[in-house]
Amino acid sequence: ILKLQFLYLIVHSSPPLARSHTMGCCYAFLEENEQLLITSFGGVRSVQEGPGCICVNPCSDFHVRSAVVLESGEYAVILDDKTATKRVAKGPSVTWMGEREELQVRAACPSLNQQEYLVVTNTADGQMKNEIGPTLFCPGPYDRMSEKRPVYNLSKNQYLRIKDEEGRLRIEKGEARVVPSPLDTVVGGVQQAINIDDHSAVLVRNEDDGTLKLHTSHGLFFPGPYQQIVSEQKKIILEEYQSMVYKDKTGKFHYVRGDSDMRDFFLPPFCEVVTQEWSTDLRKEHTSVEKVWKFDRRPSYMNYEFNCRTIDNVELVVDVSFFWAIIDVQLLVEKTADAPGDTCTHARSRIIQEVSKIKLMDFLECFNDIIRRACVGDPFYAERGVDLMSVEVLKFSCASRETDAILQEIIKETADRLKKKERQKGENEVALSRLGGEIEEEKMKKELIELKKSHLKTEARIEGEAEAFKLVAFLEGVAGVDAGSMTMDQAMQMFLTLRKLDSVEALSNGASQIYLTPNDVNLSVGQMFPAVKP
């Protein structure tokens, strides 16, 4: 910067700095909140505040700078390079800087709500403190602030593990509002206490001596400062048909049954549940497994598919169903790690041996017997704590498509033959049923005829008895009128004549026509009244 500069006279609206060529001096026009920093030829600095027109020695260096205008909620840090000290200006204000001062920081004061705090470090003496909201914090000239931190509001089942500046640990439990000290470190954040009841417990490791302890006292469990929660344990509850095995710290196996007194318990410390991986895929090749630690002793079904070949070189794909059960858990755990896989593999080996001795047609005739003979009764299963009770063939097919097509035709013909037999059997049963129905019908007709005849006989007997009663009454009446005037034959003859008159009257009342022969008329008329014997 040249020390000598000459400018001609300027007006007030010109730039704030001007130098006069004619007068040999400089003029500075300052507005509101502006100041002129002047450095003399000897290096001495001074300031002049505006507004106004300032005359400056042309041998001096000068420039215009703004005053520090702070709004509400702002602050500024100003450094004095003469004394190497700092000061803070807080808004709202207009701050003029001295000739040896310069602006270092201008920022907004951090606003803290009720759930926030700051850690403030004094860089001059190293002291640290917390600034807890709600507040509008204006830092000091040597303060360094951390990021805003949340206040820990702990509920009743929460706690904090805090490490202080000396490395000591402490536990802060809820319900509480916790603000850690500036040198405190929260380890693991807010943690939940564990509720211990009849079915829950907590396994805790003591970091002082490394011991494990199982806590089963009911209530909320808060660990100590030097306790670490290893796991939350659920009580093991076994059904009547279940068993399990666990291994203690010495490696010894303990067997527990659901029908014993120890059917519900917590696993002791340093113990491990024995788990096996059982094959669940159809071919039992261990491509998909199921982790089993509760062993179900109830009988169950298990499907298995495998290939075998007959003596006439026909490869079959056989799908069987095993009905099996666990009878000894100790033998099962000691002798096998995959009970379904071992059972199916051994059964396949035995079935392959049996099928390889027979032809396909023989297999078709009695495949279930062949499979059962190969599997059931083998001591291999009992040695592994398993009872194979029965085996059934679900389906089978030929591995070759051409052979399978022939086999399907054979099966179809056999099925058609059985179908025809069953149909004929059904038709025979229907015919026999129809014939039996007809026989029963005839028997009932016979009974009906006999019943009708019996009824007719009864009616005839009743009618005869009635006629007899009429006849007796007639004869007794005739005899009673005049015992000596008419014989029994004459009375009988009169009775018959009256019956004939009844018949003639019945016929005359109807639409029938009566044909009488002379003999009948003579007989009837001649017998109406007894003729006098000559």
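The model is a predicted one. Of the 534 residues of the chain, 30% count as buried.

In secondary structure, the chain contains eight helices and 38 strands. Where contacts link residues at least 6 apart in sequence, 54% of them join residues at least 24 apart.

Strands of a sheet pair through backbone hydrogen bonds, in either a parallel or an antiparallel arrangement.

Strand β3 covers residues 34–39 and strand β4 covers residues 45–49; five bridges pair them in the antiparallel sense. Together β3 and β4 form a hairpin with five residues between them, and G43 in the turn has a positive phi of about 90°. On its other pairing, β3 is joined to β6 by six bridges, and these two strands also run antiparallel. Residue L37 illustrates both pairings: L37 stands opposite V47 in β4, and L37 also stands opposite H63 in β6.

## The sheet of β25, β24 and β27

A further open sheet is formed by three strands in the order β25-β24-β27, again with antiparallel pairing. The strands β25 (212–215) and β27 stand at the edges with a single partner strand each, so one side of each has no neighbour in the sheet. On average, neighbouring strands of this sheet are turned by 25° against each other, direction ignored.

Strand β24, made up of residues 200–206, pairs with β27 over seven bridges in the antiparallel sense. Within this pairing, R205 has Q228 in β27 as its bridge partner. In a regular strand, the side chains alternate between the two faces of the sheet.

Q233 belongs to strand β27, which runs over residues 227–234. Its relative accessible area is 12%, and Q233 is therefore buried, since the cut-off for buried residues is under 20%.

Apart from neighbours within four places in sequence, Q233 is in contact with H199, S200, A201, L203, L214, F266 and L267. With regard to L267, a polar atom of the Q233 side chain lies 3.5 Å from the backbone nitrogen of that residue. Among the other contacts of Q233 are S200 and L203, and both positions fall in β24, the strand of residues 200–206. L214 is likewise in contact with Q233, and position 214 falls in β25 (212–215).

## Cysteines

How many disulfides does a search of the whole structure find? The search finds zero. C138 takes part in no disulfide, and the nearest cysteine sulfur, that of C109, is 4.2 Å away. In general terms, a disulfide is a covalent bond between the sulfur atoms of two cysteines.

Is C271 buried or exposed? C271 counts as buried because its relative accessibility is 18%, and the cut-off for buried is under 20%.

Note on methods: Residues are numbered from 1 along each chain as its sequence is written. This is a predicted model: local features need pLDDT of at least 70, side-chain atom pairs count only at pLDDT 80 or more; totals for chains, interfaces and linings use all residues. Side-chain values use heavy atoms; hydrogens and water are left out. A disulfide is a pair of cysteine sulfur atoms within 2.5 Å. Buried means under 20% relative accessible area, exposed over 50%, partly exposed in between (1.4 Å probe, protein chains only). Two strands pair if DSSP finds at least two bridges between them. Helices (H or I, at least four residues) and strands (E, at least two) are DSSP runs, numbered from the N terminus. Contact means heavy atoms within 4.5 Å. A polar contact is a pair of N or O atoms within 3.5 Å; within protein, one must be able to donate a hydrogen and the other to accept it, and residues adjacent in sequence count only if both atoms are side-chain atoms. Axes are lines fitted to C-alpha atoms, for helices over the stretch in contact, and angles run from 0 to 180 degrees between N-to-C directions.
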